[in-house]
Amino acid sequence: MEERNPLSLKEYKVIANDAIAPGVFVLRYRRDFTFIPGQVVAVALHPAHQPRMYSIASGMQDEEVWLLYNIRPEGELTPPLSELIAGHSIFASAPSGSFYGKAAPAVWIAAGTGIAPFVSMWRSGIRRDKLLIHGGRFLHSFYFEDTFKGALRENYIRCCSNESGDGVFHGRLTTWLQQQPNLPTDRKYYLCGSAEMVVETRDILIEKQISYDNIVAEIYF
Ligand SMILES: Cc1cc2nc3c(=O)[nH]c(=O)nc-3n(C[C@H](O)[C@H](O)[C@H](O)COP(=O)(O)OP(=O)(O)OC[C@H]3O[C@@H](n4cnc5c(N)ncnc54)[C@H](O)[C@@H]3O)c2cc1C
């Protein structure tokens, strides 16, 4: 494993870039660094391009890096990124960021591809006493649900805003949170997703007596 400037981009060969839901992909490449679950890498298609950040979704023991991303139709990177196949190149940075998974009991709250760091934490063995709340628009938006469903059972809450399904709360995750009479106040809440989701969720948590110090956020902007 090598040490390098976290800002410099290095070429990697894509191992696979699989669609796992409409417009949503998992890109894989060989890992040659150590990282802490919750960290991100910067990715570009050319070293001179402005890179975008992606949470590592694979675990510390996995030999590959997995990145979970969705296509932004007018975006600069994600439409061409989604067309890569095995053998194509990407340019990626060393890991950075401090949204670290911890062993202590916690509530994990993710919207959309914001599930990625929690997948990494889970696959790295950070599993004890976790409540996971995942919000998505469609029933196919609960990426990696097979990872969590059997193991977390009633501590895995899927909130679907546009469709209803068995065992799934029909509504946004913020609505689910608002409806909870007692949220635990003795643990950290990790939030990951869009700025709107993070801000709205933070406000609800504070209203529900969760101390600001117990709210940790990773914003996908
Ligand atoms: C710490 C961090 C971690 C992240 N992790 C993930 C992750 O794991 N998975 C993931 O999917 N995403 C993640 N993101 C978001 C990701 O970095 C990109 O922002 C996202 O993939 C969009 O990239 P893009 O180049 O395709 O779109 P961009 O070119 O950045 O455009 C994004 C959107 O803005 C619009 N836009 C662009 N330019 C303008 C303009 N001038 N005026 C108005 N609108 C405009 C586009 O229409 C598009 O819809 C993360 C972000 C951060 C900061």
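**Close-up views of a predicted model**

View 1. In strand β5, Tyr69 is the bridge partner of Phe25. This model is predicted: local features need pLDDT of at least 70, side-chain atom pairs count only at pLDDT 80 or more, and totals for chains, interfaces and linings use all residues. Residue numbers start from 1 along each chain as its sequence is written. Strand β5 covers residues 64-70, and seven bridges join β2 to β5 in an antiparallel arrangement. Two strands pair if DSSP finds at least two bridges between them. Strands (E, at least two residues) and helices (H or I, at least four) are DSSP runs, numbered from the N terminus.

**View 2. The hairpin of β1 and β2.** Strand β1 (residues 10-21) runs antiparallel to β2, and six bridges join them. Val14 has Tyr29 of β2 as its bridge partner. Two residues lie between β1 and β2 in this hairpin, and Gly23 in the turn has a positive phi of about 75°.

View 3. Strand β2 (residues 24-30) is largely enclosed by the rest of the structure, because five of its seven residues are buried. A residue is buried if 20 or more other C-beta atoms, placed from the backbone, lie within 10 Å of its own; it is exposed if 12 or fewer do, and partly exposed in between. In the chain, 37% of the 221 residues count as buried.

View 4. The chain is divided into domain 1 (10-92) and domain 2 (106-219), with bounds that come from an automatic or database domain assignment. Their C-alpha centres lie 23 Å apart. In this region, 17 residues of domain 1 are in contact with 13 residues of domain 2, where contact means that the C-beta atoms, placed from the backbone, lie within 7 Å. On the side of domain 1 that touches domain 2, β1 and β5 each supply at least two residues. Strand β5 gives the most to that side, with three residues. The residues of this side of domain 1 divide into 10 nonpolar, six polar and one charged. Here Ala, Val, Leu, Ile, Met, Phe, Trp, Tyr, Cys and Pro count as nonpolar, Asp, Glu, Lys and Arg as charged, and the others, Gly among them, as polar.

How values were computed: Contact = placed C-beta atoms within 7 Å.
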